[in-house]
Amino acid sequence: MAKWVFTFGDGKAEGRADMRDLLGGKGANLAEMANLGLPVPPGFTVSTEVCTYFYAHNRTYPSDLAEQVDAALAHVGRLTGKKFGDAENPLLVSVRSGARASMPGMMDTVLNLGLNDVSVEALAKNSQDRRFAYDSYRRFITMYSDVVLGIPHDRFEEILERYKEQKGYTLDTDLDADDWIDIVGQYKRAVKAETGKDFPQDPTDQLWGAIGAVFGSWMNQRAITYRRLHNIPESWGTAVNVQAMVFGNMGETSATGVAFTRNPSTGEKQLYGEFLINAQGEDVVAGIRTPQEITEAARLQSGSDKPSLEKAMPEAFAELSRICNLLERHYRDMQDLEFTIERGKLWMLQTRAGKRTAKAALKIAVDLANEGLISQEEAVTRVEPASLDQLLHPTIDPNAERKVIATGLPASPGAACGEIVLSSDEAEALKAQGRKVILVRVETSPEDIHGMHAAEGILTTRGGMTSHAAVVARGMGKPCVSGAGALRVDYAAGTVTAAGQVFRKGDVITIDGSTGQVLAGRVPMLEPTLSGEFATLMGWADAKRKLKVRANADTPNDARVAVKFGAEGIGLCRTEHMFFEGDRIVAVREMILADDEKGRRAALAKLLPMQRSDFTALFEIMQGLPVTIRLLDPPLHEFLPHGEHEIAEVAKSMGADPRKLADRARELAEFNPMLGFRGCRLAIAYPEIAEMQARAIFEAAVEAGKRTGKPVTPEIMIPLIATKAEFDIVKDRIDAMAEAVAKETGVRVEYQTGTMIELPRACLKAGEIAEAAEFFSFGTNDLTQTTLGISRDDAASFLGIYTAKGIYPVDPFVSLDREGVGELVRIGVERGRKTRPGLKVGICGEHGGDPASVAFCHSVGLDYVSCSPFRVPIARLAAAQAALGKGAASTA
């Protein structure tokens, strides 16, 4: 016979802490606390396997479940000296959910189950407190009606508030026994009015209704959303915990509370939490009454005039402190506890690893290692790499009021507020006046670089997590919300419409790039601070990882940030980003408008010193660390103006014929530029572009080597290679420039020429390409597009639907699609290294900063990952966790 039910209580249990898959986190920890001899009200857990059965068999139960539940109820009755359903001495129970992953507030709870019109009188008699009995009964009716019968909690709150108003009461504690009896009658009439049936009186019917509701709540919208946000599989299911009631609402010697063994915001080693005298569990979190502090130190700090638990109930406080220390040492982690004190006796209702901020997680991990409770390796695995974002960017004060006007995608973390501007030129102009702005665009293009740089944050109505706005913002470390489709931007009118409100240029908004929210007005911020623990943990992480971590950096400022965050080189320098500034864009446009090679070379000669000085600065900052420079990649039309007005303006400033400019823009326009005239195709058609860039690189390497005394070994990367023949043609031009510069300067620069692998064909022909290429860098942004046939700029409209339906577990532009794109990466690595055993291989797409993708890169033997500078610490920690065997096991 299958075992579906597991009992606990009186110093022993049928479960243990390591059975959380079967018993859920709450059930496993209740069993563990019982085994430790702690005061846990007896009860039993209905396993997660019943939840799986329930959904697999059209919401029905195994045939032998009822018998096992009855036996467990009898066992709990023997331990408590009470009997479930008895008229004289009734056993009352709580029914709570408990999945294997903690899902705070997502699932449903029922307290005081077993009360009815008869047993409430027995409870009044046995407790000698009629008020307490009827207070418990009205709570049960409210919770059961909400969770099981589907009558909203508000319906009962309205009845209670109306009653208090009529009687002139302020607090629930003002009501006496007769008041609660009256309220119970009104509640029961409300249930009959809503359902057409009397409130259920049979305790067994009540219990099965509650068990069914808990299993049902696993599929409620709240739980589904929480699971999606936290990558919790639906298949895990939830357990149900049925536990003998203990009452915190039995007068002034009773209480209920929540405690953390350390401060969950700061990580400080101090008991932290709150409690309420004469209350039940939900009162603490419902915010109806102001809770009291647990310790006297916390009470003094908060300025509260209400006694702390330490002063009000010293014996219970001493016992709670002892148990907190015991549980933290036992679990070797900060614990989040729920407790009830019934007439002076402390009972433990829950323990679990406490949720904490990134700042607290760092401090707790380092402190626990220094205290000898965990090893340094374990400390490294205790901090979620992605959470480090919280430490590197300003965040919205958690206590601030949020007036949300729209929600988009959390494209780049951090928060920013400023005046609305709708053009990049305006952003730059206002920045020069010392004003803070948010750049709001339908979508951004490379021409918006200067405006994005000037803005505090970027907001777009189109585009996904790897759109131009998202990628560039992450690289700059600026907050970005993309794909906020509910916004309407009217450039001509200078307005942004959201949620029926019209915002004009100059109005202040706040964006939260960590949640995707757009907020009205200026919202208070918390500035990031990097603690000593950050450096300590990163040191431990670096000692364990095998993968090197580089940064994608296009400017000297990017490079300096990257070095500050521990980058071990530049894995991608996108040279085109250098072309959009000031005089450079004019020279680029002259080159594009030139009628012949001679004209193009004349324009490129103006760009050469600019490129050379950029590369010299990068090489100097990186002090001999590797720098990978990608030759020009985007299609040329991106550098040209669009629209009649803009063309006329640009033509005038250049002294060019507007018709010629318009004709050239039309000639270069493409239906699908992502697969068009770009990458190595430009270098093959116009070899002079590659020659100028290669010359700039080699001359900069000579110059930087002289200045720093450290030899520079540039890595030159040819983009969008599909065939070895393409690679050979471009490499010949690079080699010729190396020879020319060596002859002119007398200095021979050591260099490597490699390719960016971003086409499926390149992965399949990697063995052949590796005959000539000295390194590979997988450009997984484009490789994902070309493998899945999805344009990343247009995917926002349907990728959310795809992930919700489980077609892709997560957005493949955020976390690498291991089964498709990952398989091509694996093939590319294997075939490339078969030809060239020492082939250096890295990844330079946005996936380089995603922990699950970093774990995959470790597993396939890459040498390095490269990501935006602000994600370098995340990649360092993720690489260490992968080396320690704790890779983010995403399938996407």
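**View 1. An open sheet of eight strands with mixed pairing, in the order S13-S23-S22-S15-S16-S17-S18-S14.** Its edge strands, each pairing on one side only, are strand S13 (404-407) and strand S14 (409-412), where strands are DSSP runs of E of at least two residues and helices are DSSP runs of H or I of at least four, numbered from the N terminus, and two strands pair if DSSP finds at least two bridges between them. Neighbouring strands of this sheet are turned by 30° against each other on average, direction ignored. The model is predicted, so local features need pLDDT of at least 70 and side-chain atom pairs count only at pLDDT 80 or more, whereas totals for chains, interfaces and linings use all residues. Residues are numbered from 1 along each chain as its sequence is written, and side-chain values use heavy atoms, with hydrogens and water left out.

**View 2. Parallel pairing of strand S17 (residues 457-460) with strand S18 (residues 480-482) over two bridges.** Ile458 has Cys480 in S18 as its bridge partner. Helix H19 (residues 468-476) packs on the sheet and touches S14, S17 and S18, its direction making about 45° with that of S14; contact means heavy atoms within 4.5 Å, and angles run from 0 to 180 degrees between N-to-C directions, the axes being lines fitted to C-alpha atoms, for helices over the stretch in contact.

View 3. Leu519 is buried, with a relative accessible area of 0%, buried being under 20% relative accessible area, exposed over 50% and partly exposed in between, with a 1.4 Å probe and protein chains only. Not counting residues up to four places away in sequence, Leu519 touches Ile396, Arg402, Lys403, Val404, Ile405, Ile509 and Thr510. The C-alpha atoms of Leu519 and Thr407 are separated by 8.9 Å, although these residues lie 112 residues apart along the chain.

**View 4. An open antiparallel sheet of six strands in the order S2-S1-S3-S6-S4-S5.** Strand S2 (12-13) and strand S5 (109-113) are the edge strands, each pairing on one side only. Strand S1 (residues 5-9) pairs with strand S3 (residues 43-46) in the antiparallel sense over four bridges, and within this pair Phe6 stands opposite Thr45 in S3. Helix H1 (residues 20-35) packs on the sheet, touching S1, S2, S3, strand S4 (93-99) and strand S6 (238-244), and its direction makes about 120° with that of S4.

**View 5. Packing of helix H5 (residues 130-147) against helix H6 (residues 153-167) at an angle of about 150°, with axes 8 Å apart.** H5 and H6 are therefore roughly antiparallel to each other, since angles over 145 degrees count as roughly antiparallel, under 35 as roughly parallel, 65 to 115 as roughly perpendicular and the rest as oblique. Arg138, Ile141, Thr142, Ser145 and Asp146 of H5 make the contact with His153, Phe156 and Leu160 of H6.

**View 6. The hairpin formed by S10 and S11, with two residues between them.** Strand S10 (residues 335-342) and strand S11 (residues 345-353) pair in the antiparallel sense over eight bridges, with Glu338 standing opposite Gln350 in S11. In the turn, Arg343 has a positive phi of about 50°.
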